[in-house]
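Q: Hi! I'd like to go through this model with you, a bit at a time. Could you help me with the helix packing to begin with?

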Amino acid sequence: WKGDPSRVRYQKTHQMPRYDHPEYQAAFDELNGLLADELNGSPLVEYMDTFMYGFWGEGHSWPFEGHPFPDDVVAEETWVRMLETQLGTWTKTPLVTNTQPDYSRVGNSVLLDRTVRAHNWIRTDTIFIENMQIEALSNRPPWTAAISEIGLRTLDRLTEDQGVDINENIVSHVIDLGANYWSVWNWHDIDARNILDYYEQNPGPIDEITRRIGYRVRPSWVWQFERAGRQGLVLGMVNDGIAAVPGVLRLTVLSEDGSVNVSGCLDPGYPKPQGVRQAMLVLPGGVDWKGLRLKAELEVKGVRHPVSWACRQRTNSDGTLTLAPTNGV
């Protein structure tokens, strides 16, 4: 790629490997196997990036057109094969595929579709006004998490439009997308001090997204009933976050000594950020509901993760909420 030699980008050497070469494919398989042996299902890793074509593995080689494959069909077949390798290797940790439009004609839309259908997650590549990425993220299935990557501006590059600075605009767009995660960094000037400098000057936007990002579930109502000589509970679950639950929420009612343990799951993605999702649990015969504990877990790809209740009531040291009669409505 020659480009315009007066621009810094084109003064550097840019090369792409032949990803479809057998040696490259063998190395890719080995690398994924080695990584997965150590990190697949590890509590230290929340998700693994799907490897895609081009610079940074994000699915493009912009602004350079074309690709090194013989044709577009070979390009798509190669990347589908490599995605299948990752899907077969990362069986417990979610894969996250970029919503990058297929600028380089290598099959990005197919990878994205297969990722969502396999109950994995999606992310952005620094979106600003790209309607295709905004569409994919905003209308994803509720059980699919979204990771938003868009850097803040440093104070010396801060602009303002009608009383709103560009960082406030960025934060509001992350919230509008209903993101589960947001990459906090600075555009081409990465330094924690830059984030702190902006926060000290204008803490409002970061404070707001800190309180709202992702999912934040709580039992808004707890009803008690009796049926056939047994007590039961109906839980009115609410989500105060901006994103749906990225998987399946499992609810468990248990006693402190573990002798009582009744659990069940909501539909994937529930509760959503709007409305109440009800769940019913019937207790064993002779068991009183008062004093039992309510626990939440997130199930993703067969792995359970602890969930902290987003309620004002005090929780126990193990994260559970003790059930007791209230004077409220």
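Q: What handedness does the crossing of helix 2 and helix 3 have?
A: Helix 2 passes helix 3 in a right-handed crossing. A crossing is right-handed if the near helix is turned clockwise from the far one by less than a right angle, and left-handed if anticlockwise. Helices here are DSSP runs of H or I with at least four residues, strands are E runs of at least two, and both are numbered from the N terminus.

Q: Before we go on, what sort of model is this?
A: The model is predicted, so local features need pLDDT of at least 70 and side-chain atom pairs count only at pLDDT 80 or more, while totals for chains, interfaces and linings use all residues. Residues are numbered from 1 along each chain as its sequence is written, and side-chain values use heavy atoms, with hydrogens and water left out.

Q: Good. At what angle do the axes of helix 2 and helix 3 cross?
A: Roughly 25°, and the axes of helix 2 (residues 72–89) and helix 3 (residues 108–117) come within 9 Å. That makes helix 2 roughly parallel to helix 3. Axes are lines fitted to C-alpha atoms, for helices over the stretch in contact, and angles run from 0 to 180 degrees between N-to-C directions. Angles under 35 degrees count as roughly parallel, over 145 as roughly antiparallel, 65 to 115 as roughly perpendicular and the rest as oblique.

Q: Which residues in helix 2 and helix 3 meet?
A: From helix 2 there are Glu76, Trp79, Val80, Leu83 and Glu84, and they meet Val110, Leu111, Arg114 and Thr115 in helix 3. Contact means heavy atoms within 4.5 Å. By class, the contact of helix 2 with helix 3 has five nonpolar, one polar and three charged residues. Ala, Val, Leu, Ile, Met, Phe, Trp, Tyr, Cys and Pro count as nonpolar, Asp, Glu, Lys and Arg as charged, and the others, Gly among them, as polar.

Q: And how far apart are the axes of helix 1 and helix 2?
A: They are 10 Å apart, and helix 1 (residues 22–39) packs with helix 2 at an angle of about 20°. That makes helix 1 roughly parallel to helix 2. Helix 1 passes helix 2 in a right-handed crossing.

Q: Who meets whom in helix 1 and helix 2?
A: Tyr24, Gln25, Phe28, Asp29, Asn32, Gly33 and Ala36 in helix 1 meet Thr78, Arg81, Met82, Thr85, Gln86 and Thr89 in helix 2. The residues of this contact of helix 1 with helix 2 divide into four nonpolar, seven polar and two charged.

Q: Switching to rings: how many aromatic pairs are there in the whole structure?
A: A search finds 14 aromatic pairs. One of them joins Trp185 and Trp187, whose ring centres are 5.7 Å apart and whose planes are at 45°, so the pair is tilted. Rings of Phe, Tyr and Trp (its six-membered ring) pair if their centres lie within 6.5 Å; planes under 30 degrees apart count as stacked, over 60 as edge-to-face and the rest as tilted.

Q: Is Trp185 buried or exposed?
A: Trp185 counts as buried, at 16% relative accessibility, and Trp187 counts as partly exposed at 23%. Buried means under 20% relative accessible area, exposed over 50%, partly exposed in between (1.4 Å probe, protein chains only).

Q: What about Trp221 and Trp223?
A: Trp221 and Trp223 form a stacked pair, 5.9 Å centre to centre with 10° between the planes. Trp221 is partly exposed at a relative accessible area of 36%, and Trp223 is partly exposed too, at 35%.

Q: Which residues do ring pairs link into a cluster?
A: Tyr19, Tyr24, Phe28, Phe51, Tyr53, Phe69 and Trp79.

Q: New topic: where does Thr97 lie, and what does Thr97 touch?
A: Thr97 lies in strand 2 (residues 95–98) and counts as buried, at 0% relative accessibility. Not counting residues up to four places away in sequence, Thr97 touches Thr50, Met52, Leu111, Leu112, Thr115, Trp121, Ile122 and Arg123.

Q: Last one: what is the handedness of the crossing of helix 5 and helix 7?
A: The crossing of helix 5 and helix 7 is left-handed. Glu168, Val171, Val174 and Ile175 in helix 5 meet Pro205, Glu208, Ile209 and Arg212 in helix 7.
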